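Please keep the sequence and the model in view while reading.

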Amino acid sequence: MDEYSLRGQVFRAIRRDILKGRYKEHEELREATLGKELGVSRTPVREALRQLELEGLVDIIPNKGAYVTGISKKDVHDIYRIRSMLEGLCVRWAVENITPEELEELEEALLLGEYHLKRGNAEQMTELDGRFHQILYEASRSRIMSHVLSDFHSYVQMSRRNSVKTKERAAKSLEEHRGIFEAIQKGDADLAERLANIHILHVMENLHIEEETK
């Protein structure tokens, strides 16, 4: 394994744990502890922490240490506003480039979502919700679009978990996904784009982000 891939893996591992809530806001991230947990030296950990600082997830205080910054409500609000525009464009591009196999994967995600909705399996619903969007990101055939939206998804995944907790919202989200899927299936890029934009705005409204931002 070369040095670059090692740094990348350490970075992704720490970022994943921050975004999943393993480390709380203001918690110190000790290089030695992280290195021991990940089975690496302190050097790739230090480099990963610097990269995480650039992303705003970590605050490095000279002579003190690195501390988790986390994602603020304002950050989440901004991400959803940006996503509400980008997801529509992503879906438009997906209409132009999606393969029959990817259409089948989208439908499978929908059918599995409906199955788990009936059984109240919230965790599976969240996974499938993310899977539906990830298929669309890949179907856009844009590395930049896929990278940006995948990162946004990671940043707000804890909020996403909350957004599909209630059965009513989960059912509505599935209904919106079904509408997007059918528009893509018909090749109606205008409708698919509009429905995707509206879907993300509905998720944001459900999280009550608007009135909580400052």
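In this predicted model, histidine 26 is found in the loop between H1 and strand E1 (28-29). Although histidine 26 is not a glycine, its phi is positive, at about 75°.

**Loop residues**
- Histidine 26 counts as exposed because its relative accessibility is 61%, and exposed means over 50%.
- Arginine 141, which lies in the loop between helix H6 (122-139) and H7, is a residue other than glycine with a positive phi, near 60°.
- With a relative accessibility of 44%, arginine 141 counts as partly exposed.

**Nonpolar cores**
- The largest nonpolar core has 31 residues, and those with the most contacts inside it are Ile14, Ile18, Leu29, Leu52 and Tyr80.
- At least two residues of this core come from each of helix H1 (3-19), helix H3 (42-54), strand E3 (65-68), helix H4 (73-97), helix H7 (143-155) and helix H10 (189-206), and the largest share, five residues, is supplied by H1.
- Leaving aside residues up to four places away in sequence, leucine 52 touches Phe11, Ile14, Arg15, Ile18, Leu57 and Val58.

**Helix H10**
- The 18 residues of H10 should span 26 Å at 1.5 Å a residue, and this agrees with its end C-alpha atoms, which are 26 Å apart.
- The buried residues of H10 are Ala189, Ala192, Ala196, His199, Ile200, Val203 and Met204; because they cover an arc of only 135° around the axis, they are on the same side of H10.

Definitions and conventions. Residues are numbered from 1 along each chain as its sequence is written. This is a predicted model: local features need pLDDT of at least 70, side-chain atom pairs count only at pLDDT 80 or more; totals for chains, interfaces and linings use all residues. Side-chain values use heavy atoms; hydrogens and water are left out. A nonpolar core is a set of buried Ala, Val, Leu, Ile, Met, Phe, Trp, Tyr and Cys residues joined through side-chain atoms within 4.5 Å. Buried means under 20% relative accessible area, exposed over 50%, partly exposed in between (1.4 Å probe, protein chains only). Helices (H or I, at least four residues) and strands (E, at least two) are DSSP runs, numbered from the N terminus. Contact means heavy atoms within 4.5 Å. The expected span of a helix is 1.5 Å times one less than its number of residues. The arc is that of the directions from the helix axis to the C-beta atoms.
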